[in-house]
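Hello,

Here is the structure for you to look at. My notes on it follow below.

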Number of protein chains: 2
Amino acid sequence: MEKHTSIHTAIREKRGLEVPRDATVIDIREYLKERKNLIDHALERYLKECKHQPQTLYRAMQYGLFPGGKRFRPILTVACGELFGGKHKSLLPFACALELIHTYSIIHDDLPALDDDDLRRGEPATHKVFGEGIALLAGDALLTEAFHLMTGPQVARLLGPALILQLVHEIARAAGIVGMVGGQVVDLEAEGREVDIATVDYIHVRKTGALIHTAARVGARIGGALPKELRRISRYAEFLGLAFQVTDDILDAVGLPTTTGQTEAKDREKGKATYPSVVGLAAAKGRAQELLHHCLKELQVFGKDADPLRGIAYYVTQRVQ
Amino acid sequence: MEKHTSIHTAIREKRGLEVPRDATVIDIREYLKERKNLIDHALERYLKECKHQPQTLYRAMQYGLFPGGKRFRPILTVACGELFGGKHKSLLPFACALELIHTYSIIHDDLPALDDDDLRRGEPATHKVFGEGIALLAGDALLTEAFHLMTGPQVARLLGPALILQLVHEIARAAGIVGMVGGQVVDLEAEGREVDIATVDYIHVRKTGALIHTAARVGARIGGALPKELRRISRYAEFLGLAFQVTDDILDAVGLPTTTGQTEAKDREKGKATYPSVVGLAAAKGRAQELLHHCLKELQVFGKDADPLRGIAYYVTQRVQ
């Protein structure tokens, strides 16, 4: 793990935040960069196994995955795993599978049938480069390969089939109707309509929150967290997932590129259900700070070992540049 | 299992086929109807668990699944499982998961981005009823829920996590880039181009063959087939998968509704790679007969117990009405 160079005081002074006393903040940019590299290499390795397959499909999957992704979900898996002593080789298949699932969801989301976004992370969306048919199939392939990756014999030897089965079940649940896909449907149906804050929360909890929540839990479980510890990580990740989305909504509202790299102010233009559009910008900012505080509170018992998770919470809500 | 009423002699006389001496043919229509009912009830039961979710999504998933599907893949799983003494309650989660995967693939396939089919089994395609966005998400949900279903705790208690993990891995492989999705890409790329018989075989083996092959293998493995028996079932299912597609191509070429219920002669109109378009109608018919013969040969060692699988092979190549 990286040397801790505290940026904690600076942030506290700048934002007037209450930060638990026992917490220090590591140089999160360095941590994120290192873990991103780790995950990118693993993703490349896994993807290479598909290289002999239809070239167009392989290229579209690769285009969707590289470069530009911040690897937020897989980093969270790795960070939560590390906290409990989990090994990278056990964590990476699941971390990467979660990134494959996230990537499929944004490829499909950008299609004209859904959000109709031409740009993703400032580059043409997958369907603008490969056509809608190949983009659709590349998404399908990424989702399917995620499950193929998690259930492979090497992974089974490392973690044992019983645990893997439970993790795969949890991931499928988070990605499916009670999670991500269900959230996307409610989001689609809310477009252009008057919605209340409960509906916005409901959409966020499912559309982005469920996978983030699961990414953290899966890491903690692979690391060997005790039930009590897992409950703390679960709550941390729930707050983090909401904080992530509230902050993205704020960035979108003020016309800055969002974490997911969507075209500026796209959500606002479309009349999507967002925090600032429902409660106003100031209240949304207050909510982000409140969620950060909740995140940090859950981590208190873990002491300094949880610094990467603290750093991630700061990063998400304040986007340390 | 149904009483065996032999239609074997009639078929042999009519078609001049060589059928192994020890084989009898059961009333396959009755068998298929009963197993289809069994599967439909199980599918309804599983799907009900999603009922409290976004109603539109639930209705679109249900619309894609019911009614009209012949349940070919899940019936094959059940029939192969029964041959080795497999219990229905152990076979049905996997049989149904395979039908969910098949249904997702046809919903996506019918979208304007791919085949742009307005009709499926004579009824408006899912996207014509629910819109493209919901159809896309219903497909995504069906694929995801298939993995959720197979990895649930009840299934784990019945079959043990080690076997389940292997089966899920095999199914993900068959549905992914080296199987169904890969085949769809090659199919898409071959559209309107001059292709040889090797390419047609390649497309069929992957696009439809892989899932059919796996459906049979999964059933046999759950039933407890020995490695030697599993190899026979594998070969049977490979021939069956090809026979299935050759026959569908023939039905499409002569303008009859195909098994998958696509609009008449749609493939031909689109310049899709099919057997009759490459080798001619007579040679395609000859190939179907040859494949039926291979199927029956693999079943010989199993005696009368394999009658349902024989019946399925006849049904596929001759479409007993």
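In this predicted model, 100% of the interface residues of chain A are interface residues in chain B as well, so the copies meet through the same surface.

Helix α2 (residues 28-48) and helix α4 (residues 72-83) of chain A have axes that come within 10 Å and cross at roughly 105 degrees. Angles of 65 to 115 degrees count as roughly perpendicular, and α2(A) and α4(A) are therefore roughly perpendicular to each other. On the α2(A) side the contact involves Leu32(A), Arg35(A), Lys36(A) and Ile39(A), which meet Pro74(A), Ile75(A), Val78(A) and Ala79(A) of α4(A). By class, that contact has six nonpolar, no polar and two charged residues.

The other pair is helix α12 (residues 227-253) and helix α16 (residues 307-318) of chain A, whose axes come within 8 Å and cross at roughly 25 degrees. That makes α12(A) roughly parallel to α16(A). From α12(A), the contact is made by Tyr236(A), Leu240(A), Ala243(A), Phe244(A) and Thr247(A); from α16(A), by Leu309(A), Ala313(A), Val316(A) and Thr317(A). The classes here are seven nonpolar, two polar and no charged residues.

Regards

Methods. Residues are numbered from 1 along each chain as its sequence is written. Chains are lettered from A and ligands numbered from 1 in the order in which they are written. This is a predicted model: local features need pLDDT of at least 70, side-chain atom pairs count only at pLDDT 80 or more; totals for chains, interfaces and linings use all residues. Axes are lines fitted to C-alpha atoms, for helices over the stretch in contact, and angles run from 0 to 180 degrees between N-to-C directions. Helices (H or I, at least four residues) and strands (E, at least two) are DSSP runs, numbered from the N terminus. Angles under 35 degrees count as roughly parallel, over 145 as roughly antiparallel, 65 to 115 as roughly perpendicular and the rest as oblique. Two residues are in contact if their C-beta atoms, placed from the backbone, lie within 7 Å. Ala, Val, Leu, Ile, Met, Phe, Trp, Tyr, Cys and Pro count as nonpolar, Asp, Glu, Lys and Arg as charged, and the others, Gly among them, as polar.
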